[in-house]
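Please look at the sequence and the structure shown below before reading on. The briefing that follows goes through the record annotations, the contact between the chains, and some details of the backbone.

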Amino acid sequence: MVPFPGNLKESPSQTAGPYVHIGCTPNAVGIGGPYGEDAGARLVNDKTKGDRISITGRVIDGANAPLRDAMIEIWQADADGLFNSPLEKRGAADTNFRGWGRQAADGESGQFRFETVMPGQVPFAADRMQAPHAQFWIVARGINLGLHTRMYFPDEADANAADPVLQRIEPRWRVATLIASGARPNYTFDIRLQGENETVFFDV
Amino acid sequence: MTQDAGAFFPRDLAWHPKAYAPEYKTSVLRSPSRALVSLPSTLGDTTGPVFGQNMIGELDNDLILNFARPGELPIGERIILHGHVIDENAKPVPRTLVEIWQANSGGRYRHKKDGYLAPLDPNFGGFGRTLTDDDGRFRFRTIKPGPYPWPNNANDWRPSHIHFSVFGSGFAQRLISQLYFEGDPHIRLCPIVNTIKDPAAIEQLTAKLDMNNTIPMDARAYRLDIVLRGRRSTMFENRPEGN
Ligand SMILES: [Fe+3]
């Protein structure tokens, strides 16, 4: 065991800065080096269960410009609604589905793209179900503390209407900032850091 | 070692930098202007990805060798950087991925967008990764990064720093931050450091010279312990949900 007192404070965050890719996605930005493949580069393989989907989008600043230096991570349940984590106690998740993905925004267009599967439903607290969704985490130069948000699906209107997280959001029109556009299998999710349609971010 | 999957303690947002920190100009257009929506921990927050030792290469935590040409070495001060990843309950966080990236000894990053006139070092990539051991310990060998100028105010310089990324066991623990080096006068002058308002919080990111772990005639050591959010005990949480 470690001789530390309890009641510690979390280490404070600092911006990921403009060069987060060096450490996290060195292959994606052409640096190469010792890592065979960037961590999080692929969520699926050809044995992954479920319906394949893609999620493309951009992170957009208060001047309506896409961030070209952002890094985006997603974490989601598998097709049956189980997380590929040792802390998942409800059952065994699909071992061919990572659940976690990480992409750099494109250095020119700012676009990111994830190839994943349609997530199953996950319970909220007791037995209430959440609508299918993917959790997002966004870091970049100028973002001092990584931002958590969620992406829901436009073709799941009934589940979205019953979703206990979406139901908390006021004013109600802001719910739309969490719902992707497009239709299965290709979705688009733009994340707006500021302005009229600022995406809802969560303190989780 | 198993960790229970209890809810996380709420984040102390006053300890972290505020999103909008105009002394760091880039934050002005990249900060949400509305309050974060608070949620209880859901299953997607208390679970998170795990990483296996099989993804970690033998030299991944050795920045002195992991990009160097055979028989050559990067230029600069050789250091060991080590510490524990623990949570707010002082429990070690075992087998979690720690990634670092940094400038070389001249303050230059290996990145196509870094145009600082200090030269690249052909033997230094500036990134590494490791998994903590069963007691939450991590260890890197690297070159002490140099300070570098950056466009913010007319003459801002970053203190020597190493960026780090840590996962923990739940996605809500995800953290990216930067560590500084004890005694660097640039720490208190830096607008990015000063987005953190509590001096004790800045101290928490300041690695300390650790003579006991220095390798004589080879490398000095610096130590920093990284603290992730702690979880509530789940011992009494098996009752039916009342809320
Ligand atoms: Fe930096």
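UniProt lists, in an unreviewed entry, the feature "domain: Protocatechuate 3,4-dioxygenase beta subunit N-terminal" at residues 9–42 of chain B; UniProt positions are given here in the numbering used in this text, feature names are shortened, and annotations may be inferred rather than shown by experiment. This is a predicted model, in which local features need pLDDT of at least 70 and side-chain atom pairs count only at pLDDT 80 or more, while totals for chains, interfaces and linings use all residues. Residues are numbered from 1 along each chain as its sequence is written, chains are lettered from A and ligands numbered from 1 in the order in which they are written, and side-chain values use heavy atoms, with hydrogens and water left out.

**Annotated regions**

- Residues 9–42 of chain B are 12% helix and 6% strand, and the end C-alpha atoms of this span lie 13 Å apart; helices (H or I, at least four residues) and strands (E, at least two) are DSSP runs, numbered from the N terminus.
- UniProt also places the feature "domain: Intradiol ring-cleavage dioxygenases", from an unreviewed entry, at residues 47–230 of chain B, a span that is 3% helix and 32% strand, with its end C-alpha atoms 13 Å apart.
- In chain A, the feature "domain: Intradiol ring-cleavage dioxygenases" is placed by UniProt (unreviewed entry) at residues 41–195, where the chain is 3% helix and 30% strand and the end C-alpha atoms lie 31 Å apart.

**The contact between chain A and chain B**

- Chain A brings 82 residues and chain B brings 89 residues to the contact, where contact means heavy atoms within 4.5 Å.
- In chain A, the residues that lose the most area to chain B are Glu10(A), Gln14(A) and Tyr19(A), which together make up 11% of what that side buries.
- The area buried between the two chains is about 7,600 Å², and carbon and sulfur atoms give 60% of it; buried area is the accessible area (1.4 Å probe) that two parts lose on being put together, summed over both.
- β10(A) pairs with strand β1 (residues 37–38) of chain B in the parallel sense over 2 bridges, and two strands pair if DSSP finds at least two bridges between them.
- Within this pairing, Phe202(A) has Val37(B) in β1(B) as its bridge partner.

**Salt bridges**

- Side chains of opposite charge can pair when their charged atoms come close.
- The count is 23 salt bridges over all chains, a salt bridge being a side-chain nitrogen of Lys or Arg within 4 Å of a carboxyl oxygen of Asp or Glu.
- Between chain A and chain B the count is 5 salt bridges.
- One of the salt bridges joins Asp12(B) and Lys9(A), with the closest N and O atoms 2.5 Å apart, and this pair crosses from the segment before α1 (27–30) of chain B to the segment before α1 of chain A.
- Another salt bridge joins Arg174(B) and Glu73(A), whose closest N and O atoms are 2.7 Å apart.

**Backbone details in chain A**

- A cis peptide bond, with omega about -10°, joins Glu170(A) and Pro171(A), and Pro171(A) is in the loop between α2 (157–161) and β7 (181–183).
- Arg184(A) and Pro185(A) are also joined by a cis peptide bond, with omega about 5°, and Pro185(A) is found in the loop between β7 and β8 (186–188).
- Asn64(A), a residue other than glycine, has a positive phi near 70°, and Asn64(A) is in the loop between β1 (52–60) and β2 of chain A.
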